[in-house]
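Have the sequence and the 3D view open as you read.

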Amino acid sequence: MNKEPYLKRIESYFEEQMSVEEKQNFESELKSSPELSEATEKYKISRQAIDLLSEEALRSKLKDWRKKKNGIVTINEPLEKPVAIPKPATKVRSMWSNSIRKMAVAASFILLATAAYFLIDAPTSNDPLLAYFYAPEGDEKLRSGGNPDWNLAIEEFNNKNYKQAISHIQEIKSSNDVTEFYLGQSFFYLKDYKSAKENYQKILDRPGSSYREEAGWNHIVTSLLIDRNDEVANLRLDRIRANSRESFYAKAKELKKQLRMEE
Amino acid sequence: MNTSSTIETTYDELIFAILQDEATRDDALKKLTQHDTLNEEIVACTKLMGGTENDAFNLMDDVLIDLVKSIQQLAFPNKKILNLNSFFDKEEIKPAPLIKKIRTAIFFDKNENKEKTIVEFFIGKIKKGWSDQLRINEDLRQQVMNFIAKDQTDLKRRIVGKMKSLGHTNSQAEDIYQQGFIQLERLLKGNSYHGGDVKGFFRSLCINLKLNERRITKPDLPGESHHLDKHDHSMELQMVKNEQKKLLENWLSQLGEKCRQTLQLWNDGFSMKEIAEKAGHENAAKAALARFRCMGKLQELIDFQSWKKTDLA
């Protein structure tokens, strides 16, 4: 079937470029010709497709304007990514976190996590001030799952054998925000701040992660551990400090105060 | 909550701007994306619902794009093909009654019998957008569950305290709290949560679990009896839209970049000369030919049967 004549006619019809007579003929043929009818439907679908291109272009503009207003790419936003809905959970995550029953059980342990928040051994670094501000992992995230490497990894992590924990996590084939977070934490405790920062960055590049806030905060702290004058980290710190709704608002205020005292 | 008095765009101006031309529309939208008060309210609202700042801005962008589409649909009801760049003809006088009609249709709250402020408008849309996404997106539900699970000091203390005040032992109160977790995901997936403070929703859920413990599998929520069984057409529609979007993206991905750009520029109302310059065609005539061929190619890529299946979904 040669579709070009159809396409020209269909476009003329939709662009209101037909005479009254042509329009009547077209509409009458539309009723009797399945081919023309299908081609017309396809034309409408293709216009929807093209409109999707325009929508993405507008979406990209909206993000650019917001970026320009903020002056920087904010820590929480991989702004150039257009999709609002996060990627589906990967296998590793689903092993332990898709079960609500497990979460219910985990919930009862979280009071312990709150205590752990204050009691956890701060990593001994050359920079104890910054290390103090580090956001530790919570106990609720340390449930074991069906993957043997993950089970070994959390066992080693809990026993503070961070090198072994890293090795087991790296054995897990599909990485996700949980594995990356714990890799980041492990590298941090081993004072490999560059690798820690890289893993937090991966989480920040993925929309919808439940570790986003902690990863974002630890990204700032590791950046400052590497370089106190890291401009982006300082800007991000100021941004959190300026917004009382931020989870790490209090920490950011205190950290800034301490950094000023150091100067 | 802040009112529209802090937003320097009246609804009439906004509607005019969206229907005027691309540059004017973009200026108006830019003002909104860069408005501190609006952004702060939207981020605060999204965080209360267990979302992130990134989620907030993505939701806001969805609302802005829907707003443009809605205004154009109301302005050009008879136009056979509408796109994001459907504007008034330059010479055309913009009729005030039409603008008023659009303003009423979009911004008037019939229940409250008053016009919504721009912040109220956005917050309402964002709540709906978020609760719709939670129904169909397991990963987002998990994010919200984690958000609640993390709050073990204030939230749990309040819930357990309330249970104890109703005469329960500590262990009974803990049990109800954990039952609440088990129920929560199902309710987020159903038609019970309509946005807003998700921790407050969880508190109400726990309290109602107790009050309805005889039929604990289907607890009533305050003021929302038996919503769970209600057939949710908006969710079905959203799922169909998502399926269709995937198909469209798949077909578009099979076109070359130059083809996609040419079609987009044409759709955005650029002249063939401008399209030739921007997309790298030799001249306007070649751009016109390329546009027509790309359109034909796209139509060939469309699998009509797959599309019809989504309509039946």
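D132(B) is buried, at 15% relative accessibility, where buried means under 20% relative accessible area, exposed over 50% and partly exposed in between, with a 1.4 Å probe and protein chains only. Its partner in a salt bridge is R135(B), with the closest N and O atoms 3.0 Å apart; a salt bridge here is a side-chain nitrogen of Lys or Arg within 4 Å of a carboxyl oxygen of Asp or Glu. R135(B) is buried as well, at 5% relative accessibility. Both residues sit in helix α6 (residues 118-136) of chain B, 3 residues apart, about one turn of the helix. Helices are DSSP runs of H or I with at least four residues, numbered from the N terminus.

A word on the source: this is a predicted model, in which local features need pLDDT of at least 70 and side-chain atom pairs count only at pLDDT 80 or more, while totals for chains, interfaces and linings use all residues. Residues are numbered from 1 along each chain as its sequence is written, chains are lettered from A and ligands numbered from 1 in the order in which they are written, and side-chain values use heavy atoms, leaving out hydrogens and water.

Over all chains, the count comes to 30 salt bridges. One of them joins E22(B) and K61(A), at 2.9 Å from N to O. This pair crosses between chains, from helix α2 (residues 22-33) of chain B to helix α3 (residues 34-70) of chain A. E22(B) is buried at 18% relative accessible area, whereas K61(A) is partly exposed at 24%. There is also a network of salt bridges linking E55(A), E56(A), R59(A), D62(B) and K69(B).

Now look at D230(A) and K197(A), whose side chains meet in a salt bridge of 3.8 Å, N to O. D230(A) is in the loop between α12 (212-226) and α13 (231-241) of chain A, and K197(A) is in helix α11 (residues 193-204) of chain A, so the pair ties together parts 33 residues apart in sequence.

Finally, turn to two packed helices. The axes of α8 (residues 148-158) and α9 (residues 162-171), both of chain A, come within 8 Å and cross at roughly 165 degrees. The two helices are therefore roughly antiparallel to each other, the term for angles over 145 degrees. Among the residues of α8(A) that meet α9(A) are W150(A), L152(A) and F157(A), contact meaning heavy atoms within 4.5 Å.

Definitions and conventions:
Axes are lines fitted to C-alpha atoms, for helices over the stretch in contact, and angles run from 0 to 180 degrees between N-to-C directions. Angles under 35 degrees count as roughly parallel, over 145 as roughly antiparallel, 65 to 115 as roughly perpendicular and the rest as oblique.
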